[in-house]
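Hello,

Here is the structure I promised to pass on. Please open it first, then read the notes below.

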Amino acid sequence: MKVLVVMGSPRKGNTWRAAEAIRETMQAGGDVEFEYLMLRDADLAQCTGCLQCFVKGEEHCPRKDDAPEIEAKLHSADGVIFASPVYGMNVTGLMKTFVDRLSYIFHRPRFFGKKALLLTTAGAIGQKDVLKYLDLVARIWGFEVVAKVGLVTQFDELPARTRELHKWQLAAAAIAFHQAILSGKESPPPVMDVIVFNAQRASFLGLEKESPADYKYWKEHGWFEPGRRYYSDARVSIFTHLVGRTVGWFSGRQVRKSKVVKW
Ligand SMILES: Cc1cc2nc3c(=O)[nH]c(=O)nc-3n(C[C@H](O)[C@H](O)[C@H](O)COP(=O)(O)O)c2cc1C
């Protein structure tokens, strides 16, 4: 089993130590290969905003750096830990650049069947917002988020009781993550994810000219086919399907009508 840690901290500090605790628990439970993608060491420039990745495809990105290798690393892992400290009430700039540069995946999701664990540490506040943001990113990209940990580290030495509590939180998340990867099962998606599928479907179906890369990708994956309930073959009940199709159709219509997507 391969686990990739996408590390958004510029140092080997609190967040890295928390990831190490997860690694130790997982490796105590079996054969788990861990790799750290230290974003601080990656050659990953900021997005220039040209929109070529959305319109024509990611291969048209003018930045020639590590982005394709980084995406390949995500593909080769069975599970990914998205780890970032809270900086200014959000993820770090390193993590945000990583998300920006792979933003075409929001339109053309691809990590179905893979599990994600979300990890953040904060001096005092903001961990909930960071977990919420990372959850949105990971889920739209296709990951199933199976565990989340947000630790408050404060700036001084933590009391022994808090340290003990953190240890338990990290161990519980590591075990849940490990089990989910081992099971290999894809859980039924939450209704919100089915709504997102249908909204994107309704939008891209009408954007063949404006967004040809998205249209082609969706068509090739069979996601425009009438009976299609979701990106993957995960089980979607008829009720969830109908709610998703109805709400999604209306939001997709809004996008098409307003032609918000103007390149
Ligand atoms: C530039 C910067 C901004 C920060 N912003 C916040 C913040 O908004 N909220 C908070 O609770 N802690 C904040 N912190 C504290 C860090 O989130 C906290 O110390 C974290 O555990 C650092 O993780 P690291 O050791 O992995 O880098 C900030 C730290 C830095 C350096």
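In which sense do strand β1 and strand β2 pair, and over how many bridges? Strand β1 (residues 2-7) and strand β2 (residues 33-38) run in the parallel sense, with 6 bridges. Strands pair if DSSP finds at least two bridges between them. Lys2 stands opposite Glu33 in β2.

Some ground rules. This is a predicted model: local features need pLDDT of at least 70, side-chain atom pairs count only at pLDDT 80 or more, and totals for chains, interfaces and linings use all residues. Residues are numbered from 1 along each chain as its sequence is written. Helices (H or I, at least four residues) and strands (E, at least two) are DSSP runs, numbered from the N terminus.

β1, α1 and β2 form a right-handed β-α-β unit. Right-handed means that, with the strands pointing away from the viewer, the path from the first strand over the helix to the second runs clockwise.

Finally, the domains. An automatic or database domain assignment sets the bounds: domain 1 is 2-183 and domain 2 is 191-258. Their C-alpha centres lie 27 Å apart. In contact (C-beta atoms, placed from the backbone, within 7 Å) are 12 residues of domain 1 and 9 residues of domain 2. On the domain 1 side, α2 (52-55) and α6 (127-141) are the elements that give two or more residues.

Best wishes

Conventions:
Two residues are in contact if their C-beta atoms, placed from the backbone, lie within 7 Å.
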